[in-house]
Amino acid sequence: MLTLLLNRDFTMPADGWFHIAALGTFPHSSGVVQVVDKTAVDAMVNSFREQEKAPNFPGLLVDFDHASHDPAQPPTAAGWITNLQTRSDGLYAEIRWSDLGKAAVEGGRFRLASPVWNRNECQSLGNDRIRPLRLARLAVTNDPNMPGMVPLSNRRKDEKPIKNY
């Protein structure tokens, strides 16, 4: 009998930056198509730079599965975005994880990110296409609307499955 014992540990990116929005066009259930291009990513970074100038700016909320959208759910923080950066494949964030968020991501309970932007903070490109200009918050989730993102935590590449015969 062949049994694979896989590493159950997940590791955070060594540089501390998490991929939170991929470049591309993404249909949304509301009927719009979200256009995330370099212009959008640069605008979100610039908007963040303005926000962080405010006194006592805590960062942008990272919640669990968009719970902050539901008034019946407690808005428990998985973490707080403390910095944003444009990279060749999209938007990246430095995140200060809460105790619950760190455990959830490192433990593999949540592997992906889902960015949130408000419709009134998006540029209309016509034909129901919008370009986000400001990141409102982020959710850790396992069911993001945007495919193609790097998982928040990955299994270590140097560890191989152990075969037990």
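Helices (H or I, at least four residues) and strands (E, at least two) are DSSP runs, numbered from the N terminus. The model on display is predicted: local features need pLDDT of at least 70, side-chain atom pairs count only at pLDDT 80 or more, and totals for chains, interfaces and linings use all residues. Residues are numbered from 1 along each chain as its sequence is written, and side-chain values use heavy atoms, with hydrogens and water left out.

**The whole chain**

Begin with the entire chain, coloured by secondary structure. Two helices and 12 strands are present, and from the N terminus they follow the order β-β-β-β-α-β-β-β-α-β-β-β-β-β. Of the 165 residues in the chain, 39% are buried; buried means under 20% relative accessible area, exposed over 50%, and partly exposed in between, with a 1.4 Å probe and protein chains only. A contact requires heavy atoms within 4.5 Å. Among contacts between residues at least 6 apart in sequence, 68% join residues at least 24 apart.

**The six-stranded sheet**

Select β2, β7, β6, β5, β11 and β8. In that order these six strands form an open sheet with mixed pairing, where two strands pair if DSSP finds at least two bridges between them. The edges are β2 (17-22) and β8 (112-116); each has a single partner strand, so one side of each is left without a neighbour in the sheet. From one strand to the next, the twist averages 35°.

Within α1, pick Gln51. Is Gln51 buried or exposed? With a relative accessible area of 18%, Gln51 is buried. Apart from neighbours within four places in sequence, Gln51 is in contact with Phe57, Leu60, Arg134 and Leu135.

Move to residues 99-106. Helix α2 also packs on the sheet, where β5, β6, β7 and β11 are touched, and its direction makes about 125° with that of β7. Show Gly101, Ala104 and Val105, the buried residues of α2. They cover an arc of only 90° around the axis, which puts them on the same side of α2; the arc is that of the directions from the helix axis to the C-beta atoms. Their cover includes β5, β6, β7 and β11. Just after α2, Gly108 has a positive phi of about 85°.

Step back to Ser98, in the loop between β7 and α2. Ser98 counts as buried at 17% relative accessibility.

**The β3-β4 hairpin**

Select residues 24-27 and 33-36. Strands β3 and β4 run antiparallel here and are joined by four bridges. Pro27 stands opposite Val33 in β4. The two strands form a hairpin with five residues between them, and Gly31 in the turn has a positive phi of about 100°.

**Two asparagines with positive phi**

Most residues other than glycine have a negative phi. Asn56, in the loop between α1 and β5, has a positive phi near 60°. Asn56 is exposed, with a relative accessible area of 78%.

Finish at Asn127, in the loop between β9 (122-126) and β10 (129-132). Although Asn127 is not a glycine, its phi is positive, at about 55°. With a relative accessible area of 74%, Asn127 is exposed.

Key: Axes are lines fitted to C-alpha atoms, for helices over the stretch in contact, and angles run from 0 to 180 degrees between N-to-C directions.
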